[in-house]
Every structure is written in C-alpha cells, then in structure tokens.
Amino acid sequence: MNIVNTIITEKPINKLEYICSEFVTRSQDILKDNLIGVYLHGSSVMGCFNAAKSDIDLIVVTEGKMSDAEKRKYMDMVVGLNNLGLAKGIEMSVVLKKDCNPFEYPTPFDLHFSEAHTKWYSDNPEDYICKMNGTDADLAAHFTVIRKRGKCLYGLPIEQVFGDIPKGDYFDSIWKDIAEARNDIQEDTMYIVLNLARVLAYKREELVLSKKEGGEWALDKLPEEFLPLINEALNEYAVGTNGKYDMECAVRYAEYMLKEIEDE
C-alpha cells in the first residue's frame, strides 16, 4: 500500500492534531490490514476550524466489513477520543472501498458516530453496533469535500480511493441539509444562515465552500437587508459565542434563499 501523510508526532501542537494522530494510530491497531485509509474533511481542512463550534470530520475506508467485536473495540476507541474536550467532538463514518469508486448514492456505511449518539452507545452498545449501519446521503457532500480539499491522514491517496461524485448527487446531499430551513433557522440560526449561503454558492457558481466561506461569499452577492444577519452568523462562528439575531429577518432570509436556490 502506498502510505501518504501519516500523522506521527511526539509532541502534538494542539488538541486537533493530537486527536487525529491518536485516531490514526489506534485505527491501525484495531483494523490492521483491513484499513485502506483515514481522511480528514470539513472545517479542519477548510481553514475555519473553531474548537468551540467545530467537530473533527473523518472518513475511514476499509476493504471489508468490520465484525461486531471489532466495532465494539473501535467505538470504545472513538468515544474515548471524543471525550477529550472538544466542544462537538468527532464525527466519523466507516465505509467500504468498493462503495467509494464507483460512487454509490445514497452511500452505504458500516459504522457511524457523532456526539449526538454518545448516550445511545453508552446505554446500549450492542443495540448501537447492531443498528448503526445503512446508507447516508450526507456522504456525497463529505466525499466531494475530500476530493476537492480533503487530507489523507493515512493510507491510499485520495484519488485512488474516491471516484467522481455526480453533481446531482452532491446537490441533493446539501439540499437535504437546508430543505427545512424556514423552520430550522429559528433553532440553529448560525448554522442555517451560513449553510444556505454555501448551497446557493454551489448552485450559482459550483463552488464547494465551508460555512465561513459561504457567508463571506454571500456578503457580496445578497441584498443589503440580510448583511447584518450574515455578519452576526459569521461572528458567532468565529468567536464561538451565541449570536443575537432578528428572527423576523432570519425567516425572510430563509424564504429568500430557498426561492433563489430553487429558481437556480
């Protein structure tokens, strides 16, 4: 196997680097020859990681499926690293190499974890391991970011693992994330404001952007009435403290953005 970009550091410079380094080393120990590669995507590779707001986004590619015993050992490892203090922890999916190229949509996955699933795994690990598999439309977006801007932490180079993702599959994946924005923007304002912006940027210009980059793009493209809202979302994303939003404006923004995306 052609090994590239393996993270090995005796003195990690920060928690993100340390967690990634340990994740790679422990994945090698558990999965051995079944491990094809570990790939970093999301804010960590797009220049806008914020320990107070961001998670560590990882895709693990294997040759074959993991046994239940391996999944239990792997999940214990992931949860242990997840508890090291980052606000949103780790989000990771394990996928088979055969489903990465040629790309299949929605994409099958063998195992998944995020902070939201911590209690389920803690309360009933057997149930979690039995049920946490299937297909996930989000993987089209994750694979697209990996192909365009991702980082191989260990294993085969990105271009040898991930095939082309059809534009329609990528758009369907990111659309699902904002389709209910009229309601969701009142509960998770910062995320929806910035996510709507990056979806419109893709629809208009085929740009694959981070949330931060999407917001910055929107400042030059959208009506002036929405600029204070976008700036507040960008500020919250940058500093990690909750923003103060005009909810009437936020709802108008969501309606406007959805119409623009649909019209495009």
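This is a predicted model: local features need pLDDT of at least 70, side-chain atom pairs count only at pLDDT 80 or more; totals for chains, interfaces and linings use all residues.
**View 1. Helix 2 and the elements around it.** Helix 2 covers residues 68–82, and its 15 residues reach 20 Å from the first C-alpha to the last, which is close to the 21 Å expected at 1.5 Å a residue. The buried residues of this helix are Lys71, Tyr74, Met75, Met77, Val78, Val79, Leu81 and Asn82. These buried residues pack against other helices, namely helix 1 (15–31), helix 3 (118–123) and helix 4 (125–131), and also against strand 2 (56–62), strand 3 (90–96) and strand 5 (111–113).

View 2. Strand 1 spans residues 35–41, and because seven of its seven residues are buried, the strand is largely enclosed by the rest of the structure. Strand 1 and strand 2 run antiparallel and are joined by six bridges, with Val38 standing opposite Val60 of strand 2. Strand 1 also pairs with strand 7 (residues 151–155), again in the antiparallel sense, over four bridges, and here Leu40 stands opposite Lys151 of strand 7.

**View 3. Leu153 in strand 7.** Leu153 has its place in strand 7, a strand that pairs with strand 1. The relative accessibility of Leu153 is 0%, and since buried means under 20%, Leu153 counts as buried. Although Leu153 and Leu40 are 113 residues apart along the chain, their C-alpha atoms are separated by 6.8 Å.

How values were computed
Residues are numbered from 1 along each chain as its sequence is written. Side-chain values use heavy atoms; hydrogens and water are left out. Helices (H or I, at least four residues) and strands (E, at least two) are DSSP runs, numbered from the N terminus. The expected span of a helix is 1.5 Å times one less than its number of residues. Buried means under 20% relative accessible area, exposed over 50%, partly exposed in between (1.4 Å probe, protein chains only). Contact means heavy atoms within 4.5 Å. Two strands pair if DSSP finds at least two bridges between them.
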